[in-house]
Amino acid sequence: MNTQKNFDDFFESLTKNVENSLIIPQRIPEPEDPLLEEKYLSLSLNHGIRKKVEQDSFNRRIGQLSTLPLEFPIVEVACGTGINAYATAKHTHRQVIAVDISEKAIRKAQEIYGSDLNNLLFRVADVYHLAEAGMPRAAVISCIQSLHHFNDLDSALEEMLSILHPEGT
């Protein structure tokens with residue numbers, strides 16, 4: 001089976017309709033493939049539009065999880081094109097820092113949501129090197145629909161915990 005067919009099959013499997021919602025990865029499995037990136041961004045944007053109304057109440061709750069001072073942000077890991085980070089930022093006075101390993105996804109997120117909210121910042125960062133990337137101590141760490149995409153889940157979780165405030169969520 002050729003590589004193109006593998007990617008097509010992969011994305012077709014991701015777009016199966018499950019109770020009217022799409023299942024989309026929050027990071028690109030092989031970011032160096034331009035065709036795969038283009039499909040990912042297109043699917044991620046479609047997913048964001050369809051899920052926006054449902055996600056608003058969920059993201060409102062994320063924004064209210066912490067009682068720590070506002071100086072400690074919410075960090076959204078593997079944010080893709082940013083729909084969840086945007087929805088969270090709309091419902092909190094706390095800064096939301098949304099990170100993803102894909103530069104293209106972050107550029108698209110900035111293009112779509114970058115100037116709408118003063119408390120939303122998008123950054124390229126690898127989940128395995130959040131502290132090295134200069135992520136601040138976080139009041140809340142959010143990672144929506146992404147954990148199953150990490151090759152080394154234990155290391156990813158350890159790194160997320162390394163930037164979480166001791167009283168964080």
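**Group meeting: helix faces, cores and ring pairs**

Buried here means under 20% relative accessible area, exposed means over 50%, and partly exposed is in between, with a 1.4 Å probe and protein chains only.

Before I go on, this is a predicted model, so local features need pLDDT of at least 70, side-chain atom pairs count only at pLDDT 80 or more, and totals for chains, interfaces and linings use all residues. Residues are numbered from 1 along each chain as its sequence is written, and side-chain values use heavy atoms, with hydrogens and water left out.

Quick orientation. The protein chain has five helices and four strands, and along the sequence they run α-α-β-α-β-α-β-β-α. Those are DSSP runs numbered from the N terminus: helices are H or I with at least four residues, strands are E with at least two. Of the 169 residues, 48% count as buried.

Helix α4 next. Its buried residues are Ala105, Ile106, Ala109 and Tyr113. They cover an arc of only 100 degrees around the axis, which puts them on the same side of α4. Glu103 and Glu111 sit exposed on the other side.

Keep an eye on Tyr113, which turns up again in the largest nonpolar core. A nonpolar core, for us, is a set of buried Ala, Val, Leu, Ile, Met, Phe, Trp, Tyr and Cys residues joined through side-chain atoms within 4.5 Å. The largest one has 20 residues, and those with the most contacts inside it are Ala85, Val96, Tyr113, Leu120 and Phe122. At least two residues each come from α3, β2 (96–100), α4 and β3, and α3 gives the largest share, four residues. Leaving out residues up to four places away in sequence, Leu120 touches Ala85, Tyr86, Ala89, Val96 and Tyr113, where contact means heavy atoms within 4.5 Å. Apart from that core lies another, of 17 residues, including Val75, Val99, Ile141 and Leu164.

Last topic, the aromatics. Searching the whole structure turns up two aromatic pairs. Which way do the rings of Tyr86 and Tyr113 pair? Their centres are 4.5 Å apart and their planes at 25 degrees, so that pair is stacked. The cut-offs: rings of Phe, Tyr and Trp (its six-membered ring) pair if their centres lie within 6.5 Å, and planes under 30 degrees apart count as stacked, over 60 as edge-to-face and the rest as tilted. Tyr86 is in helix α3 (residues 83–90) and Tyr113 in helix α4 (residues 103–113), 27 residues apart, so to speak linking distant parts of the chain. Tyr86 is buried at 13%, and Tyr113 is buried at 12%.

The other pair is Tyr128 and Phe150, with centres 6.4 Å apart and planes at 70 degrees, so edge-to-face. Tyr128 is partly exposed, at 22% relative accessible area.

Note on methods: Arc of directions from axis to C-beta.
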